[in-house]
Structure formats: C-alpha cells, structure tokens
Amino acid sequence: MKSIITILCCFLCATMSTGQERYLTKNGTINFFSKAPIENITADNNQVLSIIDATNNQMAISILMKSFLFKKALMQEHFNENYVESDKYPKATFKGDLLNFDAVNETVRVVKVKGILTIHGISKEITIDANMAKIKEAILVDGEFIINLADFEIEIPAVVANNIAKNIKVSFNFNHEPYNK
C-alpha cells in the first residue's frame, strides 16, 4: 500500500511540474524608437504573444504589426503601408534558445537569447542579452536591441531618408505566467 501511495505521489508531482514548464503572456510590450532630425518616431505594441518552454530552454514571440500604435495617425499609416507592408507581412516573429536559462532565479540575470527574427518576410539570426528573473511563478523578461532596417529589406523613400534613422532601438518587456491547458 505504501508503494502505491509513493507511486501516486511521484506521478502527481511529475504531472504538476510539467504543467509549470511553459510560461505565456498575451500582453507583452514591445516598443521602438527612431531618433530623427525633424521628429523622433516611437511606437508601442501591448498585444505581443510570447511563450517560454522551460523544458527545452526555448522562447517564441509573435507580434501583430498593425498593433503598433503611434502618436500620429499618419506615421502609423506610413509604417503599415510603406515600410513594413502589414497587409503582406502581418506578423513579426522570433523563435530561439535561452542559452543560460538554467541560472534564472529571483535575482535578475542576463540571459543570452539566440534565434531567428523574422520581419517583413526576411529572417535573420540574432543574439541579444535579456534581463530575466523568476519571481514567484512568473518569469519576467526585458531588454533592448538595435535592428538595421536594411537587414530586413525595409526601404526608406529617398524623399524622407534624412528624417528616418536606419537603425531602430527595440525595447521589450514580458511578464510570463505559468501556462495551464
């Protein structure tokens, strides 16, 4: 009888632990900043889907491009129609590995994130540093990196080329909660 109880306890613990190995957020935030001579350009997106699979130290992110909000409607229109062509390329994605994820605990640690970033239909391998901490049951992730628009074949019309930066600072902040099916 003790062995049956022991087996059931082990099975229950294993089942509970596998339920806590995936972490999800549907309202992560990403914003970008472009320093420009005439006017700085910023946009925010608070509808970013991100998942961390702690069993294999992987992370995936999906960003709906039309969810970026700008202070000026005309900037948002130009972004979606002329630059990222949101109707043709509605999403940006990232899929990659958390290289030193095993060290994440209550203390904020820098974790290398290496994977494939796809924007405007172009995929590029990137490696960035992200700040991560596991607080209670949540995994908090934030950081920033620079992307070169030319790497993703995002063309800037010659008439405004001097007003838009060729490199964009991207910042992100995710609060992943345990994912329970």
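A polar contact here is a pair of N or O atoms within 3.5 Å; within protein, one must be able to donate a hydrogen and the other to accept it, and residues adjacent in sequence count only if both atoms are side-chain atoms. Keep in mind that this is a predicted model, where local features need pLDDT of at least 70 and side-chain atom pairs count only at pLDDT 80 or more, while totals for chains, interfaces and linings use all residues. Residues are numbered from 1 along each chain as its sequence is written, and side-chain values use heavy atoms, with hydrogens and water left out.

Let's start with the overall layout. The protein chain has two helices and nine strands, running α-β-β-β-β-α-β-β-β-β-β from the N terminus (helices are DSSP runs of H or I with at least four residues, strands runs of E with at least two). Of its 181 residues, 37% are buried, meaning under 20% relative accessible area with a 1.4 Å probe, protein chains only.

Now step into helix α2, residues 73–83, where you will find N80. N80 counts as buried because its relative accessibility is 12%. Its side chain joins that of S86 in a polar contact of 2.5 Å. Beyond neighbours within four places in sequence, N80 is in contact (heavy atoms within 4.5 Å) with M65, K66, E85 and S86.

Our next stop is H176, in strand β9, residues 167–178. With 0% relative accessibility, H176 counts as buried. The side chains of H176 and S50 make a polar contact of 2.7 Å. Residues up to four places away aside, H176 also touches others, including Y23, I52, M59 and V141.

Technical notes:
Buried means under 20% relative accessible area, exposed over 50%, partly exposed in between (1.4 Å probe, protein chains only).
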